[in-house]
Amino acid sequence: MGKPSIVVHEGKTDVRPEEAGMDASRLMELERFVAGLVERGRLQGAGWLVARDGRIVAHRSLGWRSFREGSDELKPDAIRPVYSITKVFTAAAILMLIEDGRLYLQQSVADWLPPFDTPLHRPINLWHLLTHTSGLMPDPGFDLEPFARPWFASWIRRRREMDGSRRWTADDDIRLVLSGPLRDEPGRQWLYSTAGYAILAEVVSRASGMPYERFVEERILKPLGMNRSFFRVPEPLWRETCVIGDWEEEWLKRPAESDALAVAGGNGLFSTLEDLWRFGQAMLDGGRFGETRLLGRRMVREMVSNQLKDVPGRPWGADIPKIECGLGWSLHPGDLCSPGTFGHEGFGRSMLFVDPAERLVFVCFTPTPIDWVPEAVFGPRNIVWSALL
């Protein structure tokens with residue numbers, strides 16, 4: 001019995017490509033491109049949304065929702081863990097609290113988190129964490145080390161289980177994150193750190209007086225109408241959530257109790273193509289989506305502007321003498337994107353890019369159990385930008 005044929009599913013759109021100044025045939029090329037990757041087993045499926053001037057031009061999906069044999073098809077409104085794209089939501093939460101007067105960028109993290117109140121860690125401020133220049137440990141594999149330490153959340157959980165004598169607190173988890181020397185002095189080197197964003201999420205919790213997840217839900221997700229975005233996906237929606245392996249399925253179904261430390265701040269959000277577009281469109285429109293104000297225009301401009309000067313980075317084998325990044329956002333993703341384009345990627349793989357010069361927002365999911373499929377990261381973006389008339 002042969003493989004089932006790949007069916008393309010259409011989501012909601014607002015205009016035809018030509019009405020938004022885009023070439024429909026080039027957008028069809030994206031469909032052919034990702035379908036070929038699915039047919040060759042490089043991807044489990046793919047979904048994408050293209051919007052220009054606030055109007056959705058393309059919104060499609062193909063392939064399979066689950067890694068399991070006999071899976072149903074991937075739909076355009078499928079929920080997907082977006083991993084590190086969560087960081088831009090955490091950054092937005094911090095900046096909201098700055099606008100509220102509760103925080104400021106150069107504020108020492110020690111003002112909110114007692115474990116940082118040491119001579120070694122007191123110089124670390126919120127700006128350092130937002131720009132990955134705190135000197136804290138980078139993510140596992142950052143240095144291409146052959147035997148990477150466990151993912152920090154799992155490491156924390158295992159260490160906590162070893163000591164059953166008392167109830168662990170967020171401060172205990174923070175001490176584990178801070179254990180050992182700093183990699184570098186704050187501000188001197190770009191070291192991509194998901195742990196640093198878990199720390200920021202804990203600051204959000206303490207400065208706002210509510211759990212980080214609830215703050216993001218009440219101040220960002222609900223106001224933007226991101227009704228299919230969650231930190232804990234409700235059980236009735238599990239069969240509408242795209243998963244790529246046993247471990248991801250287990251994570252989806254994990255118990256509802258919160259971790260001591262707000263580890264979700266670095267990679268814990270589940271979302272959809274359309275929901276992520278709403279957030280990206282709000283950033284493109286100066287902090288507003290329709291009548292909803294998320295952030296002020298000046299704060300958004302700061303968020304998507306380069307914050308670093310002469311700061312080097314050596315991520316995953318690259319040697320970059322001058323890293324450019326905003327507050328939460330990556331800048332200049334390259335290829336055909338305009339200068340000033342900002343975005344973020346997430347493991348597994350999810351992408352959100354915003355090109356202010358072209359008034360373009362692009363969201364793409366290319367779920368795959370393969371660790372790295374570069375053509376599924378760079379190809380879709382180049383094809384979409386080539387469609388601009």
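User: Which residues are linked with Glu31 in a network of salt bridges?
Analyst: Glu10 and Arg60 join Glu31 in that network. Keep in mind that this is a predicted model.

User: OK. How many salt bridges does the count come to?
Analyst: The count is 30 salt bridges.

User: Let's take helix H1. Which side chain does Arg32 meet in a salt bridge?
Analyst: Glu29, at 2.9 Å from N to O. Both residues sit in helix H1 (residues 24–39), 3 residues apart, or about one turn of the helix.

User: And is Arg32 buried, partly exposed or exposed?
Analyst: Arg32 is partly exposed, at 49% relative accessibility. Glu29 is partly exposed too, with a relative accessible area of 27%.

User: What about Arg206, which side chain does it pair with?
Analyst: Arg206 meets Asp171 in a salt bridge, 2.9 Å from N to O. That pair links distant parts of the chain: Arg206 belongs to helix H6 (residues 194–208) and Asp171 to helix H5 (residues 170–178), 35 residues apart.

User: Why does Asp171 count as buried?
Analyst: Because its relative accessibility is 17%, and the cut-off for buried is under 20%. Arg206 has 28%, so Arg206 counts as partly exposed.

User: Which residue does Arg278 form a salt bridge with?
Analyst: With Glu274, where the closest N and O atoms are 3.7 Å apart. Both lie in helix H10 (residues 273–284), 4 residues apart, about one turn of the helix. Arg278 is buried, at 19% relative accessible area.

User: Switching to the nonpolar side. Which residues touch the most other members of the largest core?
Analyst: Phe89, Phe116, Ile220, Phe279 and Met303, in a core of 92 residues. Helix H2 (residues 86–99) gives the most to this core, with 10 residues.

User: What does Phe279 touch, leaving out residues up to four places away in sequence?
Analyst: Val88, Phe89, Ala92, Ile220, Leu224, Met226, Leu294, Trp329 and Leu352.

User: And what does the second, separate core include?
Analyst: That one has 30 residues, among them Val38, Leu43, Leu360 and Val377.

User: Last one, His128. Where is its place?
Analyst: In helix H3 (residues 126–130).

User: Buried or exposed?
Analyst: His128 is buried, with a relative accessible area of 9%. Leaving out residues up to four places away in sequence, His128 touches Pro123, Thr133, Ser134, Pro186 and Gly187.

Definitions and conventions
Residues are numbered from 1 along each chain as its sequence is written. This is a predicted model: local features need pLDDT of at least 70, side-chain atom pairs count only at pLDDT 80 or more; totals for chains, interfaces and linings use all residues. Side-chain values use heavy atoms; hydrogens and water are left out. A nonpolar core is a set of buried Ala, Val, Leu, Ile, Met, Phe, Trp, Tyr and Cys residues joined through side-chain atoms within 4.5 Å. Buried means under 20% relative accessible area, exposed over 50%, partly exposed in between (1.4 Å probe, protein chains only). Helices (H or I, at least four residues) and strands (E, at least two) are DSSP runs, numbered from the N terminus. Contact means heavy atoms within 4.5 Å. A salt bridge is a side-chain nitrogen of Lys or Arg within 4 Å of a carboxyl oxygen of Asp or Glu.
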